[in-house]
Amino acid sequence: MDITPTLIAYLHLCHRKIWLHAKHLRMESSSDLVAEGRLIGEITYPQRAGKWQEIDLGIGKIDFFDAKTNTVHEVKKSNKKEQSHIAQVKYYLYLLEKIGVENPRAVIEYPKLRIVENVEWDSETDSIEVEQWLSTATNILQGTCPPKMSKSKCKKCSYFDFCWSGEED
Ligand code: SF4
């Protein structure tokens, strides 16, 4: 199975979430949080489409890529920085390097926080780390559905109702 950038992000959030998503159990389309994220990207940066290009990596799409500086621009609607965001863009950088893009880098923008996170790529160390993520993800997807996380960590997850409906608090 192809490991998409979304799956790498989910790997860093919850092993059950990556498994459910990979099995095509999708809850995101009905999630207001995901819809809100898309909207923030479109409203905050309407000029981007003309400035930077979209790159289809086959297993995922980079919406905004600056080919002059080999920089991926990623927008996150989140109220906090998360390791899953960095993991996702590092996977983009890994894939870009694989197709011959030299010295790729990324910028993660958080409009709600008004901050920007720069993500650099170290070909030697980062590629090893990404390959470990791919291996872990593959092992999870070959197994049975992983257990739930503690409920306190699930509140904003799009699978919350799926995992917790009918459960006592
Ligand atoms: S609701 Fe919790 S256990 Fe279920 S997928 Fe989301 S984070 Fe994982």
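**Entry 1: K61 and its partner.** I looked up K61 and found this residue partly exposed, at a relative accessible area of 43%. I use buried for under 20% relative accessible area, exposed for over 50% and partly exposed for values in between, with a 1.4 Å probe and protein chains only. K61 forms a salt bridge with E54, and the closest N and O atoms are 3.8 Å apart. A salt bridge here is a side-chain nitrogen of Lys or Arg within 4 Å of a carboxyl oxygen of Asp or Glu. Side chains of opposite charge can pair when their charged atoms come close.

**Entry 2: basis of the values.** I note that the model is predicted: local features need pLDDT of at least 70 and side-chain atom pairs count only at pLDDT 80 or more, while totals for chains, interfaces and linings use all residues. Residues are numbered from 1 along each chain as its sequence is written, and side-chain values use heavy atoms, with hydrogens and water left out.

**Entry 3: the other salt bridges I followed.** How many salt bridges does the rule give? I recorded a count of five. One of them joins K76 to E74, with 3.0 Å from N to O. K76 is buried at a relative accessible area of 13%, and E74 is buried at 12%.

I then turned to D126 and K90, whose side chains meet in a salt bridge with an N to O distance of 2.9 Å. This pair links distant parts of the chain, 36 residues apart: D126 belongs to helix α6 (residues 123–142) and K90 to helix α5 (residues 83–98). Helices (H or I, at least four residues) and strands (E, at least two) are DSSP runs, numbered from the N terminus. Both D126 and K90 are buried.

**Entry 4: rings.** I found two aromatic pairs in the structure. Rings of Phe, Tyr and Trp (its six-membered ring) pair if their centres lie within 6.5 Å; planes under 30 degrees apart count as stacked, over 60 as edge-to-face and the rest as tilted. Y94 and W121 form an edge-to-face pair, with 6.5 Å between centres and 70° between planes. Y94 lies in helix α5 and W121 in the loop between β5 (115–119) and α6, so the pair ties together parts that are 27 residues apart in sequence. Y94 and W121 are both buried. Together with Y91, these residues form one aromatic cluster.

I also checked for charges over rings, meaning NZ of Lys or CZ of Arg within 6 Å of the ring centre and within 35 degrees of the ring normal. K17 lies over the face of Y10, 4.5 Å from the ring centre. The charged end of K148 sits over the ring of W164, at 4.3 Å from its centre.

**Entry 5: helix α2.** Is helix α2 enclosed or open? Seven of its eight residues are buried, so α2 is largely enclosed by the rest of the structure. The buried residues are R16, K17, I18, W19, L20, H21 and A22. They pack against α1 (5–11), α6 and α7. H24 follows α2 and has a positive phi, near 65°.

R16 is buried at 15% relative accessibility. Residues up to four places away in sequence aside, R16 touches C145, P146, P147, K148, F162 and C163; contact means heavy atoms within 4.5 Å.

L20, also placed in helix α2, is buried at a relative accessible area of 2%. With the same exclusion of residues up to four places away, L20 touches L25, C145, Y159, F162 and C163. L20 and Y159 are 139 residues apart in sequence and 8.6 Å apart in space, C-alpha to C-alpha.

**Entry 6: ligand shell.** Which residues are around the ligand? I listed C14, R16, K17, K148, M149, C154, C157, Y159, F160, C163 and W164, where near means that a heavy atom of the residue lies within 4 Å of the molecule. α2 and α7 (160–164) each supply at least two residues of this shell. The largest share, three residues, comes from α7.

**Entry 7: whole chain.** I counted seven helices and five strands in the protein chain. Buried residues make up 45% of its 169 residues. Among contacts between residues at least 6 apart in sequence, 65% join residues at least 24 apart.
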